[in-house]
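Please look at the structure first.

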Amino acid sequence: MKPISIGICGLGTVGYGSFTVLAKNSAEISRRTGLEIVVSHIATRRIKEGQDVGDVKVSADVFAVAEDPDVDIVLELIGGYDTARELVLRAIANGKHVVTANKALIAVHGNEIFSAAKKKNVVVAYEAAVAGGIPIIKAIREGLSANHIQWLAGIINGTGNFILTEMKEKSSEFSAVLKQAQDLGYAEADPTFDVEGIDAAHKLTILASIAFGIPLQFDKAYTEGISKVTIEDIRYAGELGYRIKHLGIARKSEKGIELRVHPTLISQDNLIANVNGVMNAVMVQGDAVGPTLFYGAGAGAQPTASAVVADVIDVARTLSHPENAIPALAFQEGSLSDISVLPISEIISEYYLRIMARDKAGVLADITEILGDFSINIEAVIQKEPRDHDAHQLLSVIILTDEIQESIMDEAIEKIEALGAVGGKVARIRMDKLED
Ligand code: HSE
């Protein structure tokens with residue numbers, strides 16, 4: 001077979017990382033595949049200092065790669081939505097296979113892209129879009145394909161996990177830690193994508209589709225960031241035996257699919273509670289296999305390149321038999337389920353509540369009475385004394401509750417916030433046992 005020719009669009013962290021892994025490991029890749037894979041065309045506005053691409057053809061225009069008749073597989077590593085979408089659709093129209101690391105593109109435009117690819121009988125592979133170097137797409141689509149997936153939960157944004165870890169371990173300020181993550185090259189171009197959970201929701205949308213066989217529905221994902229989590233919340237949760245992690249949770253129930261990203265209290269005994277720094281981890285529960293846990297680097301040049309190049313190898317292997325390619329969303333196109341994604345008001349959860357209340361008699365009784373009126377059972381309470389006994393000073397009342405539907409908790413919180421002795425908004429963090 002003639003060498004398989006790769007065109008790389010975008011020579012940033014992931015693009016150059018992929019170029020170097022392909023070059024460095026070419027002999028090992030040939031030994032595994034029996035194929036020769038060569039980079040023949042790169043599109044980048046400029047070759048940066050320290051980058052060496054040898055005598056590979058370089059264009060400034062990414063569409064030159066999509067139009068190049070010699071290129072078999074286009075690597076879309078430019079990121080973003082619009083140009084990336086146009087580039088991928090152009091490559092598909094020209095009969096080229098595509099490998100992308102772009103989670104936003106797949107989460108938002110994936111249905112359109114996969115449908116176009118199916119018509120042209122080409123593959124669009126996206127392992128690097130979720131959890132960087134962890135082969136979680138392959139694990140769910142192939143390794144766990146015998147199972148009904150019941151739920152999955154993941155730490156799928158390294159920047160957010162790094163921030164929560166540093167806040168806990170060093171009592172560092174949120175903004176200082178974010179700056180550190182940006183300097184290390186983990187954060188998105190717009191860091192609100194990391195901090196507000198949008199990046200994690202992109203990845204969760206993809207995982208839910210391949211786990212449950214549903215179309216990609218990013219617009220239905222509930223997204224809540226970590227910017228309101230305080231060092232005190234992390235400390236109080238610790239006193240009660242919990243860690244706060246920014247989790248993406250997808251769960252299938254009889255009512256529908258839960259698709260939600262938010263800070264979550266999980267028992268500190270759970271393995272995923274101990275995933276720290278920029279590391280990612282995804283737990284997947286299948287009916288046959290039970291709980292499984294996948295751990296690794298979720299970002300960075302070489303780990304992400306590991307996933308990009310693995311996709312290149314997969315596509316290269318299926319080039320001679322495209323009809324054997326794994327369906328893009330794991331299930332046959334006509335077999336996707338129309339089960340609905342539930343609004344957040346319909347989920348059932350336990351809750352951590354932090355209520356700022358005046359230090360006077362009867363406040364706690366008023367709060368517990370409201371919870372009792374809504375049949376919300378209390379699991380634990382801690383009341384933090386203010387430093388001096390000033391009746392005007394607010395003290396923190398921390399309550400852990402039993403399971404209750406979110407809409408009922410919304411009503412109870414509204415009533416608690418309306419109490420004269422309660423100041424400001426009630427901080428609410430959902431809890432998860434990460435069990436059935
Ligand atoms: N900004 C992302 C993260 C990069 O922090 O996880 C990898 O998708």
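Helices (H or I, at least four residues) and strands (E, at least two) are DSSP runs, numbered from the N terminus. The model is predicted.

**The second largest pocket**

α5 (103–120), β6 (124–125), α6 (136–143) and α12 (301–318) each give at least two residues to the lining of the second largest pocket. Its volume is about 660 Å³. The lining has 30 residues, and K118, A325, I326, P327 and A328 are the closest to the pocket centre. By class, the lining of this pocket holds 15 nonpolar, six polar and nine charged residues. Both domain 1 (4–133 + 301–335) and domain 2 (136–297) contribute at least three residues to the lining of the second largest pocket.

**The ligand shell**

Which residues are around the ligand? They are K103, N157, G158, T159, Y186, A187, E188, D194, D199, K203, G298 and A299. This shell divides into three nonpolar, four polar and five charged residues. α7 (158–170) and α10 (198–212) each supply at least two residues of the shell.

| Residue | Protein atom | Ligand atom | Distance |
|---|---|---|---|
| K103 | side-chain N or O | oxygen | 2.6 Å |
| G158 | backbone N or O | oxygen | 2.7 Å |
| E188 | polar side-chain atom | nitrogen | 2.6 Å |

Taken alone, the ligand exposes 250 Å². The protein buries 91% of that area.

How values were computed
Residues numbered from 1 in each chain as written. Predicted model: local features only at pLDDT ≥ 70, side-chain atom pairs only at ≥ 80, totals over all residues. Heavy atoms only, no water. 1 Å grid on protein atoms, 1.4 Å probe; cavity = no way out; pocket = protein on both sides within 12 Å on 5 of 7 lines; lining within 4 Å. Points joined across faces, edges and corners; volume = space filled by probe spheres on them. Nonpolar A, V, L, I, M, F, W, Y, C, P; charged D, E, K, R; others polar. Domains from an automatic or database assignment. Near = heavy atom within 4 Å. Polar contact = N/O pair within 3.5 Å; in protein donor to acceptor, adjacent residues only side chain to side chain. Areas by Shrake-Rupley, 256 points an atom, 1.4 Å probe, with all protein chains shown as cover.
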